[in-house]
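Please have a look at the chain below. A short report on its fold follows.

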Amino acid sequence: MIDYISQNLWLFWTIITVVCLIMELSSGDFYVTCFALGALVSICLAVAGLPFWVQVIAWAVCSVLSIWLIRPHLVHAIHQGADDRKSNADALLGQVGEVTQTIVAGDYGRVKLDGDDWKAEAPSSSVNIEVGTKVKIVGRESIILKVEKL
């Protein structure tokens with residue numbers, strides 16, 4: 001078995017590449033992908049018949065260069081637009097809900113939104129907003145939604 005692998009080093013590097021890519025699936029930080037790229041270069045060198053020590057040095061150098069040159073671009077591409085994503089209560093802004101408890105002018109009521117019941121107020125309204133009325137979420141203060149009648 002050892003003789004077979006030593007005569008077919010491309011197979012050794014192919015196994016290294018596949019193992020690195022499988023490991024990358026669990027990490028997601030693109031470091032292990034860089035080692036797989038280095039192993040791809042070593043596959044080419046093994047097919048060309050270069051000695052094993054040259055293949056190992058090429059693998060190490062290409063892996064380090066990949067971490068330095070390629071990884072930042074991969075990370076940037078995968079996280080592109082991530083800062084624009086709203087989460088938690090900020091994602092509620094602009095959505096439409098339905099009043100479940102009358103929102104009394106100058107006081108609070110309740111609004112149902114996506115199956116959740118929220119405490120809400122309509123600061124710009126001088127009249128009550130009745131049950132069943134559609135309202136738009138225009139702001140929030142802690143867990144109290146600011147709404148306006150549609």
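## Barrel, helices and domains

Five strands close into a barrel, with the order β1-β2-β3-β5-β4 and mixed pairing. Neighbouring strands of this sheet are turned against each other by 55° on average, direction ignored. This is a predicted model.

| Strand pair | Residues | Sense | Bridges |
|---|---|---|---|
| β1 and β4 | 96–101 and 134–141 | antiparallel | three |
| β2 and β3 | 108–113 and 116–121 | antiparallel | six |

β3 also pairs with β5 (residues 144–149), this time in the parallel sense, over three bridges.

Now the partners, residue by residue. L113 has D116 in β3 as its bridge partner. A120 is bridged to L145 in β5.

What phi does D114 take in the hairpin of β2 and β3? D114 has a positive phi near 55°. This hairpin has two residues between its strands.

**Helices α4 and α5**

Two packed helices are described by the angle between their axes and the distance between the axes. Helix α4 spans residues 52–69, and helix α5 spans residues 71–78. They pack at an angle of about 40°, with their axes 4 Å apart. That angle makes α4 oblique to α5.

Which residues meet here? From α4 come S66, I67, W68 and L69. From α5 come R71, P72 and H73. By type, the contact residues divide into four nonpolar, two polar and one charged.

**Annotated segments**

An unreviewed UniProt entry annotates residues 6–23 and 30–50 as "transmembrane region". In the model, residues 6–23 are 94% helix and 0% strand. The end C-alpha atoms of that stretch are 24 Å apart. Residues 30–50 are 86% helix, again with 0% strand. Here the end C-alpha atoms lie 28 Å apart.

**Domains**

How does the domain assignment divide the protein? It gives domain 1 as residues 1–84 and domain 2 as residues 86–147. The C-alpha centres of domain 1 and domain 2 are 53 Å apart.

Technical notes:
Residues are numbered from 1 along each chain as its sequence is written. This is a predicted model: local features need pLDDT of at least 70, side-chain atom pairs count only at pLDDT 80 or more; totals for chains, interfaces and linings use all residues. Side-chain values use heavy atoms; hydrogens and water are left out. Axes are lines fitted to C-alpha atoms, for helices over the stretch in contact, and angles run from 0 to 180 degrees between N-to-C directions. Angles under 35 degrees count as roughly parallel, over 145 as roughly antiparallel, 65 to 115 as roughly perpendicular and the rest as oblique. Contact means heavy atoms within 4.5 Å. Ala, Val, Leu, Ile, Met, Phe, Trp, Tyr, Cys and Pro count as nonpolar, Asp, Glu, Lys and Arg as charged, and the others, Gly among them, as polar. Domain bounds come from an automatic or database domain assignment. UniProt positions are given in the numbering used here, feature names are shortened, and annotations may be inferred rather than shown by experiment. Two strands pair if DSSP finds at least two bridges between them.
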